[in-house]
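Please read them beside the model.

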Amino acid sequence: VSYEKMFKKIKSGAKSAGTAAGLQASYQKAKSSKNFPHIEEVAQWVVVLNRVREQLKLKDRISDLSSRYGALVKDEDKAGTEFVNQSADAQNAGIGQLFKIFGDSHNEIAALRRTLSETITAAKDAWKALESSELKKCSSLEEKANRTLSDKNYYVSKNDKNALGPAEEAYATASTELVDAVKILDTQFTALYTEWMVKLAKAESTFLVAAAAIASAAADEASAVSV
């Protein structure tokens with residue numbers, strides 16, 4: 001009797017191991033081919049999730065702008081300061097005035113550009129925060145939904161009716177969690193995108209108008225200098 005029990009235990013363990021291996025292989029195959037045929041309601045929100053992922057990549061372009069503006073602010077400020085410092089040592093008063101006009105105007109423009117750069121950086125950070133929280137959560141739930149779908153399809157292929165019921169229930173739960181999370185993500189991202197696109201447009205407009213006024217005033221002042 002003990003041998004029979006042992007044999008049944010070994011047989012059951014082997015079957016469980018075989019099922020686990022089959023489930024994993026089925027999932028890896030679907031994952032490598034990106035073949036997760038979700039039901040229509042879920043599939044349409046996976047499309048939304050992928051759209052959000054692509055749009056959130058724009059934060060990298062925002063990040064590039066932030067870095068370049070930050071570097072330009074330093075160079076502009078340094079150049080302006082050096083021209084002002086050299087103005088007192090110029091070969092004549094006229095050249096000294098021109099140096100100071102140029103230096104002062106670029107120091108002023110650098111200060112304005114710094115404000116613009118800070119707004120751009122804030123936009124990048126806001127987008128990154130959404131990516132690190134809600135998008136990360138959705139990605140985790142998508143993986144869970146994909147896995148439960150793969151498991152369900154595996155049991156269908158094996159005609160395992162006993163395991164199919166729980167698998168279908170698991171997929172229904174996981175897919176509902178995914179859809180609900182993506183809806184929240186889409187709403188948050190749309191609001192954030194709208195808010196920061198307006199803020200960036202206004203910040204750039206403010207900078208360009210003010211910088212143009214400074215440059216124009218500097219040009220008029222320099223034109224009046226007698227060398």
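1. Terms first. Ala, Val, Leu, Ile, Met, Phe, Trp, Tyr, Cys and Pro count as nonpolar; Asp, Glu, Lys and Arg count as charged; the others, Gly among them, count as polar. On that scheme, the lining of the largest pocket divides into four nonpolar, three polar and four charged residues.

2. The model is predicted: local features need pLDDT of at least 70, side-chain atom pairs count only at pLDDT 80 or more, and totals for chains, interfaces and linings use all residues. Numbering starts from 1 along each chain as its sequence is written, and side-chain values use heavy atoms, with hydrogens and water left out.

3. The largest pocket has a volume of about 290 Å³. A pocket here is an open set of points on a 1 Å grid over the protein atoms alone, where a 1.4 Å probe fits, with protein on both sides within 12 Å along at least five of seven lines; lining residues have an atom within 4 Å of a point. Volume is the space filled by probe spheres set on the points, which are joined across faces, edges and corners. Among the lining residues are Lys31, Lys34, Glu142 and Glu143.

4. The second largest pocket has a volume of about 180 Å³. Its lining includes Phe36, Pro37 and Leu149. This lining divides into four nonpolar, five polar and one charged.

5. Leu185 touches Leu49, Val52, Leu130, Glu134, Leu135 and Cys138, not counting residues up to four places away in sequence. Contact means heavy atoms within 4.5 Å.
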